Amino acid sequence: MLFADIRGSTTIAEHMEPSAYAALLNRFYRVASEVLVRHDAIVDKLIGDEVMALFIPGVCGAGYKRLAAEAAVALLGAVGYRSGAKVWMPVGAAVNSGVSYVGNVGGEGTTDFTAVGDTVNAASRLASAAGAGEVLLGEAVFEAVADEFPAQESRTMHLRGRDVPLPVRVLRRPGATAPSK
């Protein structure tokens, strides 16, 4: 499960014409979708200023956690978080893994294919807590990429609505800013 969220989108929108803001969001959605699909993701939703993507083992194979983490890093690179690039969209992301219900939800006449459960909720909350240029990885995801991203900062996140804190690792890209406390 991957969520990528635009940081400061309310402020960005406040200083733009609605059509210009929509064009900027559409650029972000296009870039995010291209990166995610290239990493075998199912782009589940475009939610306001956020993208939600699924990395399902039956689709992605046994390396789904690595693909999800690499997709998050690639997405941040695509919006400018790489050496020498200009960041054109401030984005934070999170990747979490675990058991979720994946399928149709809804009622009569309106259904949606999605994923739901604690893993999804935690990933969404983590993305909201990520600073611009940061990827927060659940520990199980980090274990799958520890060889590629050694010695990453660890945090214990107390997420709204969850009783149990969640340990995460932080991947910070060039040009990233730590979240304000």
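## Close-up views of a predicted model

**View 1. The surroundings of M1 in this predicted model.** Leaving aside its neighbours within four places in sequence, M1 is in contact with M52, A53, L54, A94, V95, N96, A115, V120 and A123. This residue belongs to the segment that comes before β1 (2–6), and, because buried means under 20% relative accessible area, M1 counts as buried with its relative accessibility of 10%. Between the C-alpha atoms of M1 and V164, which lie 163 residues apart along the chain, the separation is 19 Å.

**View 2. Helix α5 and its buried residues.** The buried residues of α5 are T119, V120, A122, A123, L126 and A127. Around the axis they cover an arc of only 165°, and they are therefore on the same side of α5. Two of these residues, V120 and A123, are also among the contacts of M1 shown in the previous view.

**View 3. Helix α4 and the glycine that follows.** The 15 residues of helix α4, numbered 64–78, should span 21 Å at 1.5 Å a residue, and the 20 Å between its end C-alpha atoms agrees with this value. Buried within α4 are L67, A68, A69, A71, A72, V73, L75, L76 and G77. Just after the helix comes G80, whose phi is positive, at about 115°.

**View 4. D40 in the loop between α2 and β2.** D40 is located in the loop that lies between α2 (18–38) and β2 (42–47), and its relative accessibility of 38% makes it count as partly exposed. Most residues other than glycine have a negative phi. The phi of D40, however, is near 65°, a positive value in a residue that is not glycine.

**View 5. A nonpolar patch on the surface, formed by Y101, V105 and V116.** Together, these three residues present about 230 Å² of accessible area. One of them, Y101, is found in strand β5, which comprises residues 101–107. With a relative accessible area of 43%, Y101 is partly exposed, because that class holds the values between the cut-offs of 20% for buried and 50% for exposed.

Terms used: Residues numbered from 1 in each chain as written. Predicted model: local features only at pLDDT ≥ 70, side-chain atom pairs only at ≥ 80, totals over all residues. Heavy atoms only, no water. Patch = residues over 30% accessible without salt bridge, like charges linked within 9 Å, V, L, I, M, F, W, Y side chains within 5 Å. Areas by Shrake-Rupley, 256 points an atom, 1.4 Å probe, with all protein chains shown as cover. Salt bridge = Lys/Arg side-chain N within 4 Å of Asp/Glu carboxyl O. Helix = DSSP H or I, 4+ residues; strand = E, 2+ residues; numbered from the N terminus. Buried < 20%, exposed > 50% of the residue type's maximum accessible area, 1.4 Å probe, protein only. Arc of directions from axis to C-beta. Contact = heavy atoms within 4.5 Å. Expected span 1.5 Å × (residues − 1).
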